[in-house]
Amino acid sequence: MNANLKEIPPLLLVFFYLSFLTVGGGMAAYPEMQTLVVDVHHWLTEEELIHFYSVGQLAPGPNMMMVAAIGEKVAGPLASLLVVIAFFLPTALMTFAVGKLWKRAERWPWRESIRRGLAPVSVGLILSGCISMAKVALSGWVSVVVTVVVFGILLKSKINPAFLILGGAAVGYFALHG
């Protein structure tokens, strides 16, 4: 059991803050998560963060449940639970409040402009997360080929991404242990 309980307050502050950056999904918060978790606090390496994120993609439920694994690694099971609450509760409450406000503003003339303005912001944040991850994950020709193949498959089909993640893991295993 990890007794590094003094890390719980900074963990909670970091993940509370990150929760507000998830406009468009968890990948939108990835660049800042990488900065805080890897560079500032040194809780994980870049490779460990990518590993946790990848496993989160494969696991059932929200992919950002991977924050629980970070909390557990840094400060044990209690931190795992508290980090999940710090990451999901603020945005859940904010989503509920904004949803009520959004419904009330149905006839407001600026509503459509706000919706149209937020969509590209979300896309930009997600792309930023993808670029941050790619800088570390694309470390050799095998990873580049797997990325291109997966991207091509996703453009042409509606295959469940979990199968692609499993396929990528198999390719990675055989490429390393071939």
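**Nonpolar patch and aromatic pairs**

In this predicted model, helices α7 (141-156) and α8 (161-177) each supply at least two residues of the nonpolar patch.

Reader: Is Ile153 buried, partly exposed or exposed?
Author: Ile153 is one of the residues that make the nonpolar patch, and this residue is found in helix α7. Buried means under 20% relative accessible area and exposed means over 50%. Because its relative accessible area is 31%, Ile153 is partly exposed.

Reader: What kind of aromatic pair do Phe15 and Phe87 form?
Author: The structure holds 5 aromatic pairs. In the pair of Phe15 and Phe87, the ring centres lie 6.2 Å apart and the planes stand at 75 degrees, so the pair is edge-to-face.

Reader: How many residues apart are Phe15 and Phe87?
Author: Phe15 is buried, with a relative accessible area of 0%, and Phe87 is buried as well, at 2%. Phe15 belongs to helix α1 (residues 8-19) and Phe87 to helix α5 (residues 77-104), so that the pair links distant parts of the chain, 72 residues apart.

Reader: Which helices hold Tyr30 and Tyr53?
Author: The ring centres of Tyr30 and Tyr53 are 5.6 Å apart with planes at 75 degrees, so this pair is edge-to-face. The two residues are 23 residues apart in sequence, and the pair ties together helix α2 (residues 30-40), where Tyr30 lies, and, for Tyr53, helix α3 (residues 46-58).

Terms used
Residues are numbered from 1 along each chain as its sequence is written. This is a predicted model: local features need pLDDT of at least 70, side-chain atom pairs count only at pLDDT 80 or more; totals for chains, interfaces and linings use all residues. Side-chain values use heavy atoms; hydrogens and water are left out. Patches are made of residues with over 30% relative accessible area and no salt bridge: like charges are joined within 9 Å, nonpolar side chains (Val, Leu, Ile, Met, Phe, Trp, Tyr) within 5 Å. Accessible areas come from the Shrake-Rupley method with a 1.4 Å probe; for residues, only the protein chains shown count as cover. A salt bridge is a side-chain nitrogen of Lys or Arg within 4 Å of a carboxyl oxygen of Asp or Glu. Helices (H or I, at least four residues) and strands (E, at least two) are DSSP runs, numbered from the N terminus. Buried means under 20% relative accessible area, exposed over 50%, partly exposed in between (1.4 Å probe, protein chains only). Rings of Phe, Tyr and Trp (its six-membered ring) pair if their centres lie within 6.5 Å; planes under 30 degrees apart count as stacked, over 60 as edge-to-face and the rest as tilted.
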